[in-house]
Each structure stands twice: as C-alpha cells, then as structure tokens.
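Student: Could you walk me through some contacts in this one?

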Amino acid sequence: MPYRQSYLKRSICLAMLMGGALPTAPSFAQEFTLEEVIVTARKREESVNDIPVAVTAMSGDQMEALQAFNPDELAQYVPGMTVVGDVYTIRGIGFNAANPSSSGTVGVSYDQATLPYPVMSRGMTFDIERVEVLKGPQGTLYGRSTTGGQINYIFNKPTDEFEASVMVEGGNYDSWGAEAIVSGPVLGDTLRARVGIKTQQSEEGWQKNILNNERRGEDDRTSGRLVLDYTPTDELGIMLTYHRWEDKSQTTSAQVLAAVAENPFYTQPFADANGRGYNPLFITGRALGLGSPLWDTIQPDHFQARLDVAQARQDAVRSNWDNDMGVWGFRGTQDDINGWYDLASPHLRVPLGQDPRSDRENDMVDLKVTWDLTDSVTLISQTTYNKYQSTVVGWGDTAGYALSGVPSDVDQESWQTELRFTGDIMDGRMTYNIGGMYAEDDAWDEQSIHLPHATAIYSLRDFGSSLAATKQLYYDATALFLGVDQANAIYGSRPTDQEIIDASVAGRSWQPFQDSQYDYHAVFAQSTYEINDEWGVEAGARYQKMEGKSRSCTRQYEGLGHFAAAWNWLFYAMDDNYAGNGGVVLPSPPLPAAVPLNIIPLPDGSVNGFFPWDSQAGITAGSNISTLPGPNALGPFDCIETELTAETVDPLDPNNTIRRPVDAGGRPHELDEEAISARIAVNYRPTDDIMYYGSIAQGYKSGVFTTTSASSSNGLEPVDQEKVVAYEVGFKWSATDTVHWNASAYFYDYQDKQLNGTIQDPFFGDLTALLNVPESEVYGVETDVTWAPNANWFITANAAYLQTEVTSDFFGNDPSGAEPINFNGEEFALSPEYQATLMVSYNFDVLDNWNLRITGDVSYTAEQDGQLASSDPLFKVEEYTLVGVNVNLNSHDGLWEVNLWGKNVTDEYYWGTASQNTDQNLRSGIGEPRTWGLQVRRNF
C-alpha cells in the first residue's frame, strides 16, 4: 500500500501545520506517531522543536486546502498576525504607511530572497513546499532589519525524476482557475528545472452597488515561476529562479459610515430642489455683496437620506458608488441620482464610466550559489533583483458625497546581494553564519487625487476667491477715483470675473509624489553552541547603515492650475511688499462709501446670486493660472507646499513669517541611520521530549520617506527608525507521540514606533503625516496544540492574547477630527486582543482505491481599533468568526485528486480597518462573502 501511506502522510501534514512548532507528517510503523517539522528559520535545515524561536509553519498542501494564496488569507490562520492591504502586523508591530514605497515592520522573502516592500508580496503564490512565520525581531540573519517578524515562503524545487501536474477549477461568481507544473532533469544529473504557472479569474465581481446593481471584485491574477538547479560538481550548486506575478483585478469599494466634515465651518455639498449641485462658498459672494449664505437654498436631508440607505443595506457585498462620476471630471450632464454637474476635462487619466482596476506586476530574479569549501564550511552567495510597477485606481463608497478618485502610480527597483559563510566546528556542537550584504532601492510613488467636494480645500478657495474679488473691487474703486494708470501701478492688473470663478472652484485635483533612493550596508554573525545534552545558547548581531535621499511635494495636476487659481492670489497677499496681519490682507486705499459693493455682474448678468461652480466654463490647461507678477506665482506642475526660510521673514515684522512655494522639483530630504540588532537565547532540554527557552532580541526598522498631501513642507518630513527590545520565554513539548504542545510569552519595549498619523495643516486641516511615538509596550501569550489520536483524526488548535499600549506622552490629532489629544495609554491599531484557530480533519477509505478527507476550520478575531487613539465606535473593527470547509477525494495511486472547498461558509460580514478619508468615515478591506470552488488535479 505504498501510495496510500504516502497520501495519508501528506494529509496529516496538511491537517496539522497550524500554530507554532508543529509536526508535519506521521510515521506508519507499528504505532502511529507524529514526525517533526524541518524549517530553515535560522538559514539552515533543522527541526522546529530544536530552535528557540516562535515559528508558525504551514505546508503547501494546507495552503491549497485553505485557499490561502494571499497574505491576508494566510493571516487568518496565524494568531498574532493581521494583514490589511499592504500593512503586515505581527504581535501589534506594524506600520500603516500611506504609500506603497515604505518598507514594513515584517519582512517577506521567497526562498530567502528578500522582498524589500510589502507590495511586492501581494501576488498569488503557488507550488509551495511550506511557509514559515517567525515572530519577533529578526534583524540578525534577515536582509533588512525588521521589528515585527519574518515571513519565509519556501517553494518546491526541481526534482531528480520527471513529474508534472495539471489542475483546473471553477466556483461561484463565475470564477475559474488553472495550474500547470512540470519538473525534472534537463541535462543528465547536472541540470534540473521546474516551471509552473497559475491563473485565477472571475467574470462576476462579488461586491454589488446598492444603487444600480453594478459589481466589483472580478479576479484577474496570474503567477509564474521558473527554477533552474545546476550542480556541475558535488561541491558546487547554482540555482537561478525567476518569479513573475500580475494582478489586474478590479478594486473593490470601501463603505461609508458617516459624514465628518474635516472643516466643519462649511456646509456639506447638497443638491437643491432642482437637482443642481453647488459649491458651498459664501465668502466670495459676501465679498461681492451678493446676498445670503448658500446654505439657505440647499436641502440638508439630501445626503443623510442616501447615507441612511447605505447603512441600512450594508453587508459584505453591498456598497455604494457611481461609476459615471468619473475621475478627473464628470459627464457634463445631469446625474439623476445626486445632481452634480461638471464639464469633462480633456486630461482624464481614467475613461469616464470605467470600473477602477489594479494593474500590478512584479518581476524577481534570484541567483544563489552554494559552494562547499570543506566538509564543514560552505560559502553562499545570493543576489536578488526586484522590479515592481503598478497603477491602481480606486474609489471609496461615496454615498453621493466627497467623490474621490486616487490613481496611484508606483515604480520600484531593488537589488540586494548577500555573501555568507556557514558551517560548524567542535564536532558539530557549534554552528555559525557570518557575512555581509549590500542593497540599493529606487522608488517612485505618485498619487493623483481628485476631491471636488472636500471641505478641507474650501479654506483655500475662500482665500483665493475673496482676495481676487477684493482686489477687483479695490482696483475698480481706485480706477474710478484715481484713474486706471494709478490702479495698474498699485495692483498690477485687474482680476477678471473668470479668475474669481476659477479661484472659487480651485483645488480639486493634485498629485503628491516621492522620488527616493536607499542604500543599505550590513555585516552580521550568528552562532549556536550546544554546551551539553541539556543546555544550548545562541547569539548573534548585525550592524547596518542606511542612507536615503528623497524629493517630494504635492504638485498641480498636469499643469491644469487647479491650485494656482486660488494660491496665486494668496501668494500675492503674502509677498514681502504687501503682507500684513498674517499675510492675507491686500493693501488698499480707503474704499469710498459711494462705491456700491455689488457693482460686479456675474457672467449670467445677475448681481444677486451665487456662483454654481458646475455651471461655469470648464478648466482647461493654463487658462486659470494667475498672471500675478513675482517669484511666488505657481505655474504648471509647480509644487503646492510652502516653507519658511530665513529669506521669508517680513523685515517689518520679524514675528510674521512669510511662506514661499518649495522648489518645483520637490522638497529634498535625507536619512542617515545606523543600528545594531542583536539576539541572545538560551534553551534547556531536561528530556528529549521538552525544550524550554528564553531570548532577548533587539531589532530596528529603518526610517522612510512619505508621499502625502500637504500645504506646508513640515508635512513631508520623513520618519526616523524605530527600535524594539523583545523578551520572550516559552516551551516546546512532545507530550506523547501523538500530542504536541507549544507556548510562549513575550514583552516588547517599543521606542519611536512609526505611525501614519495626522497633523494640522494650515489650509487643509487634518492631513496624514509620518510620526514617531516615543515609548510603547507590547506583551502577550501564544499557544498551540496538535493531537493525532490515530491515523484518521487530526486536530490542531492555537490561540493568541495581545496587549498594546502607548506609555509616554504623545500629542496628536484624533482621527475622528476631534481636538488634539494625548495618546498616552491608547492601544495600537490592527492589534486584536484575542485570536484563535481550530482545525479538525478526518480521513477514511472509500471504495477500494480512494481516500476521502473532510477538514473544517474556524478562526476567530476579537474587536480591534482601525486607527490609533480613537474612542469613536466608527473606527472599531468588530469581532468576526470565519468558517471554512474542505472535502478532498484522492486516489491511492496518487494520480487523481478532487478538492471541494468553501471559505466564509457562514457568510460573515467583516472588514479589515476603519479610517477617516476626507469628510467621511470608511470601512475598507471588506472581507469576501461566502465563496466555494471545485478543483480537479491530475498528476503525472
């Protein structure tokens, strides 16, 4: 019965690899036993029960059964770990970076080849031998020093014998997939190859629009891999690997929960009784003497009625968006749903009405050379090149409010080389790894933002349009009483009616960008020493130096002058020769009382009314860029941010500093950091069945630059490196041949935690910025148990308890838009207090030549905060429980396999995080509803 025993071994491996140090396969001797798991957590093969490290391992077969091919799916089965988008968090250590060109607190590698940015690991994985999740700082051995942990994907390698497999599958939402793998010798015994490709597609999105039944969430993912293994001699091995993945799936919509105006001074954009949309600017009207505030004519219940509908029908598949309200302009005709108008811009990045989609791709080439210099010394060289490119267009759930499009363009290029010696001395009682690494990264990150109704930009419009209108009035009054020549001498020129209108609608579109380079240098050494049969010690250290430079700013989108129309008036007011009272009051002669305030007619000929922004002429390239003289005027593609320098101090009032725009190429920043990561661990084995261990590890995560919107240069400052000192104790116990139990407890002293927080921007109110939290702490307990009472039943369970807290004074803005608060005592975001997983598998023979395995899994995640320091329930991520099932039918000869799987079979509604986005509170990372599929695999 050789095939049957081989299949049962693989089934047990699939069913048991949950939690920490878990066995993979049984031995079918006279009695059933569990075998040990072999991992490479310390860059050499060893039993997971012999290393003083908290490790969660999962086999490739298990990932297949659980359909855990994405990082967020993997996180469901690793207590203590969460993944939301590109944010990996282990034991509360995560970095919710706003831009994809930020390195993470959790490292990711493919066959020990580093992926320096989390976005590079978002592709679908397949043909996996196992994945290892190491918890805690891993700075001594792994390429980029990390504070949270390390995820190692180990892929299947070329085989000495020919083997191949083909898989096809189909499921709900018109989904289908296919996979093909071929492996074997190419040139005798010296060259072997393995090539594989997998695709996952769906023709119907799982997310539904509650307004018109349109859908989002269609899958379009493909991954491929080629591995060449060349061994010209017994001492020399060369392995070349090429990975490529593509993701062109539809982006899904976030879900709006509430309207929270970032600038509550302004009313929300509502439609009037005729369905017309208005810009709620009234200062322009007041400056021109045009009547009462705009909100006297609107219907305040318009938005709330739509919001009620969205909330009443909210679940995993329902959201609310309007594809016709496109990015970078609208249709130019009335929208019978919400009444907004605009003229379409000729500079659209995305065709109107097109569903937003991802367009991501990553190429990775890895060359690994292994040379056995002696029987006990090996030289290993590994050089890796990564290239990531993406254009991602996504809209939030709008509920007809604060419509936004955020196309993001990212281009990252990285290469890293590592050279190390590994071996053993003292008859194998001491092992070591000694080496160094060098890495270079180049990253371009650009976001194109369109927010036509955000209240945060209304201050800018008020300033711009009020200054332009005031200058127009003063110019006319001066010309009337002193003559046109005198008016030109004082004011330069007369603002036109169109310039005032342009200023009143300015600020709709802009582009934050970042162009950054990083250089890394490191040397490291790690050694283990078995003092005797009971005691062992491990020690290691890494010195790393990082140098980075960047240029970034927020610039005008494609030179359309959306900001210049308002800001040039503001810069005119802030000029050295004219500034006063904070730099926002224009000079003027006394305005004669005889001059009426409503002498300026509107384009339609009226003198009492308002400027409905949607009824005016569209903005075209260059048409609304102010021609004000002087060095302060913004031109096409210029940066919006201003900064303070010694030259901008008002000589008449040293306390009244005057801002100037940053250079058009962006604000330069530099980082120059050094760090020493270290680890020491002691393990004690009183018997062969149990090991106790304790460790102290110090890890760093380097500083990063940011890509963010801001009006002042202080919003572009980089964040400094963070540091974690981790203390951990635990045990790994084989209680019997069929029961394994592992547990660990840890405490982290966390300094300068990197945070994507908020700061007060002079014009836009609360804006995101990178911050450092001075002092924090993390502690918790994790445990896992595996029980295989016989060859038919396999049960594994694990759980994690986590506490996080800011322990020093740290003042910032509450993400709900409240007053600045002290974060001291607050819990971290995306750090649930409890997580647990249970998996049960039962297999038995059916008919004469088939085996049937039925597996069920349940994972629980407790309530957590979506943002740091917010007591607002809108920012809570509610607890959720996910249930999965797998029914596998496999022939004893190993040639056929049929797999029926289901995820979230109870159709639980859950989401990953909640945040504030412009004037609305959103849930994002919405979990997929119930999905199922049927796979058929043929092995050759």
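Predicted model: local features only at pLDDT ≥ 70, side-chain atom pairs only at ≥ 80, totals over all residues.

Student: Is Asn 433 buried or exposed?

Tutor: Asn 433 sits in strand β24, residues 430–447 (strands are DSSP E runs of at least two residues, numbered from the N terminus). Buried means under 20% relative accessible area, exposed over 50%, partly exposed in between, with a 1.4 Å probe and protein chains only. Asn 433 has 1% relative accessibility, so the label is buried.

Student: Which residue forms a salt bridge with Arg 555?

Tutor: A salt bridge needs a side-chain nitrogen of Lys or Arg within 4 Å of a carboxyl oxygen of Asp or Glu. For Arg 555, the N to O distance is 2.7 Å. That pair links strand β27 to strand β24, 109 residues apart, and both residues are buried. The partner is Glu 446.

Student: How many bridges join β27 to β30?

Tutor: Strands pair if DSSP finds at least two bridges between them. Here β27 (residues 535–556) and β30 (residues 667–687) run antiparallel, with Gly 548 opposite Leu 671. The number of bridges is 18.

Methods:
Residues numbered from 1 in each chain as written. Heavy atoms only, no water. Helix = DSSP H or I, 4+ residues; strand = E, 2+ residues; numbered from the N terminus.
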